[in-house]
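My notes follow the order in which I looked things up.

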Amino acid sequence: RSQKFEMTENIGVAITFDDNNQIRVLESENYKETENLKNECLDFLKKIVNFNDMVGHLTEVLHAQAGKIEEEKLKAVGARNRIESEAENRKRKKQELQTLINEKKIELERLNSQYESLLKVEAEQKLLIEKLSNNESNQLIM
C-alpha cells in the first residue's frame, strides 16, 4: 500500500511511498513496470553477452578450421606436384633407357659384323694354312 502525496502546486510531480516506505516519484504501477523493464533489459544484455561469447568462440573454431583446411590444401598441392614430377621422372627415365637400348643394339650390330668379319678371316687363314700344308706335303713327297 502506497501513500500518495501530491506536490502539484510547484512542480507537478506525484510523490508516493511504496510498501517499503521508500519515496517514489513514479506511481507504484509505473515503478513496477520500470523495474520489469530494467530486469528484461538485464536479461537481454546477458543474452547478448552470451551470444557475443558464442560468436567469439565460433569465430575461433572457424579460424582454426580454416588453418587446418589451408594446411591440407598445401599438402594436397605438394602431393600433386610430387605425382606430376614422378610422372615426368618416369618419362625421362624411360627415354634414357630407350637411348641406352638403342646404343646397345648399335653396339651389338657392330660386334656381330666384326664377328662375321673375323669368321671370314679365320676361314681364309684356315684355307691358306691348308693350302700351305698341302704344298709342303706335296713338296716332301716329290
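I began with K75 and E72, whose side chains meet in a salt bridge at 3.5 Å, N to O. I count a salt bridge when a side-chain nitrogen of Lys or Arg lies within 4 Å of a carboxyl oxygen of Asp or Glu. K75 and E72 are both in helix α1, three residues apart, about one turn of the helix. K75 is partly exposed at 45% relative accessibility. E72 is partly exposed too, at 46%. My cut-offs here: buried is under 20% relative accessible area, exposed is over 50%, and partly exposed lies in between (1.4 Å probe, protein chains only).

I noted the ground rules before going on. This is a predicted model, where local features need pLDDT of at least 70 and side-chain atom pairs count only at pLDDT 80 or more, while totals for chains, interfaces and linings use all residues. Residues are numbered from 1 along each chain as its sequence is written, and side-chain values use heavy atoms, with hydrogens and water left out.

**More pairs in the helix**

What else does K75 link up with? I found E71, E72 and K75 joined in a network of salt bridges.

Next I looked up E70. E70 forms a salt bridge with K73, with the closest N and O atoms 3.6 Å apart. The two sit three residues apart in helix α1 (residues 28-141), so about one helical turn separates them. E70 is partly exposed at 40% relative accessibility, and K73 is partly exposed at 46%.

Then I checked R90 and E86. Their side chains meet in a salt bridge at 3.4 Å, N to O. R90 and E86 are four residues apart in helix α1, so again the spacing is about one helical turn. R90 is exposed, with a relative accessible area of 60%. E86 is partly exposed at 37%.

How many salt bridges does a search of the whole structure find? I got six. Side chains of opposite charge can pair when their charged atoms come close.

**Fold and surface**

I listed the elements next. The protein has one helix and three strands. From the N terminus on, they run β-β-β-α. Helices (H or I, at least four residues) and strands (E, at least two) are DSSP runs, numbered from the N terminus.

What share of the 142 residues counts as buried? I read 2%. Among contacts with a separation of 6 or more, residues 24 or more positions apart account for 3%. A contact means heavy atoms within 4.5 Å.

The accessible surface comes to about 13,400 Å², and 56% of that belongs to carbon and sulfur atoms. I used Shrake-Rupley areas with a 1.4 Å probe; for residues, only the protein chains shown count as cover.

I also found a nonpolar surface patch. L42, L45 and V49 form it, with about 260 Å² of accessible area together. L45 is placed in helix α1. Patch residues have over 30% relative accessible area and no salt bridge; like charges are joined within 9 Å, nonpolar side chains (Val, Leu, Ile, Met, Phe, Trp, Tyr) within 5 Å.

**Confidence**

I finished with pLDDT, the predictor's confidence in each residue, from 0 to 100. The mean is 87, and 87% of residues reach 70 or more. Confidence is highest in α1, at 93, and lowest in strand β1 (residues 3-7), at a mean of 47. Over residues 1-8, pLDDT stays under 50, and the model has 23 contacts beyond four places in sequence for them.
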